Amino acid sequence: MSRGKCTVVPEFAYLKVKLISDSPFASLADARTYKSVVLSSVHSLLGEVGLPGDVDVLGLLGDGSAILRCPFDKLEPLWSALTLTTGFDGESCRFEVQQSSGSLLSLHCSSSRFQNSGENVWEAFVLR
């Protein structure tokens, strides 16, 4: 009996992104605004067929960044759309993709930090 190799593809991809703007627009952004900017970016690059409603804002972090979730096979078009964003609703802004991963926990810590620090990473990564 031969054993074949198997590749496990995650269902979702997770992105840690930061909305950057010179105006106070980015610092005032809530989850709804983040999602509006993301979907507007996707729509302007990919049109009507690109990722409609497949992007979720899981939470906002204290430094003005957010955690996004999308289907794993839509990661590349989403990343492209975010990278090419130049503005929203008359405001100049851009996205900086800081990290991407197939699991939510790995956005918070590296394996060396998880093994060596002794801190409780679950408590540190509670999305509010």
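Predicted model: local features only at pLDDT ≥ 70, side-chain atom pairs only at ≥ 80, totals over all residues.
Residues are numbered from 1 along each chain as its sequence is written, and side-chain values rest on heavy atoms, with hydrogens and water left out.

The protein contains 4 helices and 6 strands, where helices (H or I, at least four residues) and strands (E, at least two) are DSSP runs numbered from the N terminus. Along the sequence these elements follow the pattern β-α-β-β-α-β-β-β-α-α. Of the 128 residues, 32% count as buried; buried denotes under 20% relative accessible area, exposed over 50%, and partly exposed in between, with a 1.4 Å probe and protein chains only. Among contacts (heavy atoms within 4.5 Å) with a separation of 6 or more, 63% involve residues 24 or more positions apart.

An open sheet is formed by 4 strands in the order β2-β3-β1-β6, with antiparallel pairing; two strands are taken to pair if DSSP finds at least two bridges between them. Its edge strands are β2 (56–60) and β6 (94–101), each of which pairs on one side only. From one strand to the next, the twist averages 30°. Strand β2 is joined to β3 (residues 65–71) by 4 bridges in the antiparallel sense, and Asp56 has Arg69 in β3 as its bridge partner. Strands β1 and β3 are likewise antiparallel, and 7 bridges join them; here Leu15 is partnered by Leu68 of β3. Between β1 and β6, the antiparallel pairing extends over 7 bridges, and Lys18 stands opposite Glu96 in β6.

Helix α1 (residues 31–46) lies across β1 (12–20), β2, β3 and β6 and runs at about 140° to β2. Axes are lines fitted to C-alpha atoms, for helices over the stretch in contact, and angles run from 0 to 180 degrees between N-to-C directions. Helix α2 (residues 75–83) also packs on the sheet, where it touches β1, β3 and β6, and its direction makes about 5° with that of β1. Within α2, Leu75, Leu78, Ala81 and Leu82 are buried. Viewed down the axis of α2, the buried residues fall within an arc of 135° and therefore line one face of the helix; the arc is that of the directions from the helix axis to the C-beta atoms. An α-helix has 3.6 residues a turn, so residues three or four places apart point the same way. The cover over the buried residues of α2 includes β1, α1, β3 and β6.

Ser41 belongs to helix α1 and is buried, at a relative accessible area of 5%. Apart from neighbours within four places in sequence, Ser41 contacts Ala81, Thr85 and Phe95. Ala81 is itself one of the buried residues of α2.

Ser92, by contrast, is located in strand β5 (residues 91–92) and counts as exposed at 55% relative accessibility. With neighbours within four places in sequence set aside, the contacts of Ser92 are Ser21, Asp22, Thr86 and Gly87. Ser92 and Ile20 are separated by 72 residues in sequence, while their C-alpha atoms are 8.8 Å apart in space. The loop between β4 (87–88) and β5 contains Asp89. This residue, Asp89, has a positive phi of about 55° although it is not a glycine, and Asp89 counts as exposed at 70% relative accessibility.

The cysteines were also examined. Cys70 is buried, with a relative accessible area of 0%, and Cys93 is buried at 3%. The structure holds 0 disulfides, a disulfide being defined as a pair of cysteine sulfur atoms within 2.5 Å.
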